[in-house]
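Open the model in your viewer and follow the stops below in order. Each stop says what to select and what is found there.

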Amino acid sequence: MARIAVCGLGTVGSQVARLLIEHRRDVELVGAASKDPQQIGRPLHEVLGLPGDGPVVADSIVPLIELQPDAIVLATGSFLPDVHDDVLACARAGVSLVSPCEELAYPYTRDPAVAEEIDAAAREGGATILGSGVNPGFIFDTLVATATGVAWDVTQIRGRRVVDTYEFGQNIHLRLGIGYTQEEFDRGHEDGSIAGHVGFPESIQIVCERIGVTLDHPVEERFEPLIAETAAPTKYGEVGAGRTEGFVQIATGVVGGEEFIRYELLLHLRPREAGYEPADTLSIDGLHPVNLTLSPGMDAVLATSAELVNSLPGLIQAEPGLKTVKDLPAAAAWLGAMPDSLIRV
């Protein structure tokens, strides 16, 4: 039986814990931690609104590491500086870790020194470290790379994801870029306070490395705000007319002087009313084109939570070190006993 702990009980972490408790066998949830003072010191099941008790929620990852679980799911931030210390602590202690931190999915280009530091610590400590989720982790990297398996050649890859963000909270909206005037939106991108989707460069690098091509230069990104003509409803009030109710984020990777990969993400508070149908679409051009449409598109929270949980068998059995999703078997739901033969030497 695998012993798992969860650090971070926000939107994703709570769903990870719920999935492990309610839908997975051969696993024991031995610990949980949170920074929320309303959760710390309470039984996990009580925090989740489930019957039973479960472990008492701790205030940091340190008590979880002391439990020496087989793996920790770290759901606390999107940026490497947010998770750096906790990832290193796990690596040095020999505790494997998977995280939806987008920048951890492929840190070799964004911060090669940190990537080398994490990899060295994990190898020495005997831990496996992985960044994964729905995006990066599945839609624009694992799924794309897998789809090229039936392609004769690949001349261009295009992906588009349309997401209804109505259910997102205000803090997430503001971090992404929703709720601003045009001037605030532009200024936020210039100073870095508005991040948009984090992870496009990581996904593109994973795909290119998986299929054996090299980018001419770093991934380029641009943003196009979508301004509300009338007040747009949210769960916490309204985004007023004249403010961003969404945006389009475009990322491109150039190979041999030509655009090789182009990904678009459209986030919107009321996409259908604006003429956008939530869906995930992929096109791989070449002699044998491959076209995929997932409709409706993946739910960001549920899909990310499932990807993290379903990555655990491969994570636990992998060789130590910093890994990406291309290095491990593709995650799959395990509804019976946890698979014990994913990694064959």
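**Stop one: a salt bridge**

Select Glu103: its relative accessibility is 8%, so Glu103 counts as buried. This is a predicted model. Arg110 counts as partly exposed, at 40% relative accessibility.

**Stop two: strands β6 and β11**

Select Glu264 and Arg160, which form a salt bridge with their closest N and O atoms 3.4 Å apart. Glu264 lies in strand β11 (residues 258-268) and Arg160 in strand β6 (residues 156-164), so this pair ties together parts 104 residues apart in sequence. Glu264 is buried, with a relative accessible area of 19%, whereas Arg160 is partly exposed at 33%.

Next, select Arg272 and Asp164, whose side chains meet in a salt bridge of 3.9 Å, N to O. Arg272 is in the loop between β11 and β12 (280-285), while Asp164 is in strand β6, so parts 108 residues apart in sequence are tied together.

**Stop three: two helices**

Show helix α4 (residues 80-93) and helix α6 (residues 112-125); their axes come within 8 Å and cross at roughly 20°. That angle is under 35 degrees, which makes α4 roughly parallel to α6. Among the residues that meet here are Leu88 in α4 and Ile118 in α6. The contact is made up of eight nonpolar, two polar and two charged residues.

**Stop four: a loop residue**

Finally, select Met298, in the loop between β13 (290-294) and α11 (300-310). Beyond its neighbours within four places in sequence, Met298 contacts residues including Val134 and Arg161.

Technical notes. Residues numbered from 1 in each chain as written. Predicted model: local features only at pLDDT ≥ 70, side-chain atom pairs only at ≥ 80, totals over all residues. Heavy atoms only, no water. Axes fitted to C-alpha atoms, helices over the stretch in contact; angles between N-to-C directions. Helix = DSSP H or I, 4+ residues; strand = E, 2+ residues; numbered from the N terminus. Parallel < 35°, antiparallel > 145°, perpendicular 65-115°, else oblique. Contact = heavy atoms within 4.5 Å. Nonpolar A, V, L, I, M, F, W, Y, C, P; charged D, E, K, R; others polar. Buried < 20%, exposed > 50% of the residue type's maximum accessible area, 1.4 Å probe, protein only. Salt bridge = Lys/Arg side-chain N within 4 Å of Asp/Glu carboxyl O.
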